[in-house]
Amino acid sequence: RDRTIESGLPEPGESGEEVMPKPIVQRGWTGAHTAFLLTFLGHAAVHCGRKAFAACQSELEDNWGFSNGFLGVLDTSFMLSYGFGLIFNGYLAERVDTVTHMG
């Protein structure tokens, strides 16, 4: 069988040149989309919670009677637990199956 195309040139791959694979195009909602959305929403929730606490600290001092030192300790403990949680989850994600960790 003759393996030439209409122009008389050999088909790609027959003359020794490298053939690039066609890109995979996925349509629809995939697990990667879900993971991205959940990660984005989780980060946004933590960011909003952190900013909301900073914005209402003066209200908590004036109306609820919390001292500035107590609110500083509360904010610091939240940020430390958040930071250690990130480190621990990163360590855990490297050693556990990804599906188990995310699931």
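A residue counts as exposed when its relative accessible area is over 50%, as buried when that area is under 20%, and as partly exposed in between. The exercises below use this scale on a predicted model.

**Exercise 1. Cysteines**

Task: Classify Cys-48 by its relative accessible area, do likewise for Cys-56, and state how many disulfides are counted.

Solution: 
- Step 1. The relative accessible area of Cys-48 is 51%. The threshold for exposed is over 50%, so Cys-48 is exposed.
- Step 2. Cys-56 has a relative accessibility of 29% and is therefore partly exposed.
- Step 3. A disulfide is a covalent bond between the sulfur atoms of two cysteines. The criterion applied here is a pair of cysteine sulfur atoms within 2.5 Å. Under that criterion the count is zero disulfides.

**Exercise 2. Overall composition**

Solution: 

**Exercise 3. Helices α1 and α3**

Task: Describe how helix α1 and helix α3 are arranged, and which residues make the contact.

Solution: 
- Step 1. Helix α1 covers residues 31–55 and helix α3 covers residues 68–95; their axes come within 11 Å and cross at roughly 165 degrees.
- Step 2. Angles over 145 degrees count as roughly antiparallel, so α1 and α3 are roughly antiparallel to each other.
- Step 3. The α1 and α3 crossing is left-handed.
- Step 4. On the α1 side the contact residues are His-43, Val-46, Arg-50 and Phe-53, and on the α3 side Leu-71, Leu-74, Asp-75, Phe-78, Met-79 and Tyr-82.
- Step 5. Sorted by class, the residues of this contact are seven nonpolar, one polar and two charged.

**Exercise 4. Tyr-82**

Task: Locate Tyr-82, classify its accessibility, and name its contacts beyond four places in sequence.

Solution: 
- Step 1. Tyr-82 belongs to helix α3.
- Step 2. With a relative accessible area of 29%, Tyr-82 is partly exposed.
- Step 3. Apart from neighbours within four places in sequence, Tyr-82 contacts His-43 and Val-46.
- Step 4. Tyr-82 and Val-46 are 36 residues apart along the chain, and their C-alpha atoms are separated by 9.1 Å.

**Exercise 5. Helices α1 and α2**

Task: Find the relative orientation of α1 and α2 from their crossing angle, then list the contact residues.

Solution: 
- Step 1. The axes of α1 and α2 come within 4 Å, with a crossing angle of roughly 45 degrees.
- Step 2. The α1 and α2 pair is therefore oblique.
- Step 3. Phe-53, Ala-54 and Ala-55 of α1 make the contact with Gln-57, Ser-58 and Leu-60 of α2.
- Step 4. The contact of α1 with α2 holds four nonpolar, two polar and no charged residues.

**Exercise 6. Helices α2 and α3**

Solution: 
- Step 1. The crossing of α2 and α3 is right-handed.
- Step 2. Gln-57, Leu-60 and Glu-61 in α2 meet Asn-68, Leu-71 and Asp-75 in α3. The contact of α2 with α3 comprises two nonpolar, two polar and two charged residues.
- Step 3. Gln-57 has a relative accessibility of 19%, so Gln-57 is buried.
- Step 4. Setting aside neighbours within four places in sequence, Gln-57 is in contact with Leu-71 and Asp-75.

Conventions
Residues numbered from 1 in each chain as written. Predicted model: local features only at pLDDT ≥ 70, side-chain atom pairs only at ≥ 80, totals over all residues. Heavy atoms only, no water. Axes fitted to C-alpha atoms, helices over the stretch in contact; angles between N-to-C directions. Helix = DSSP H or I, 4+ residues; strand = E, 2+ residues; numbered from the N terminus. Parallel < 35°, antiparallel > 145°, perpendicular 65-115°, else oblique. Left-handed = near helix turned anticlockwise from the far one by under 90°. Contact = heavy atoms within 4.5 Å. Nonpolar A, V, L, I, M, F, W, Y, C, P; charged D, E, K, R; others polar. Buried < 20%, exposed > 50% of the residue type's maximum accessible area, 1.4 Å probe, protein only.
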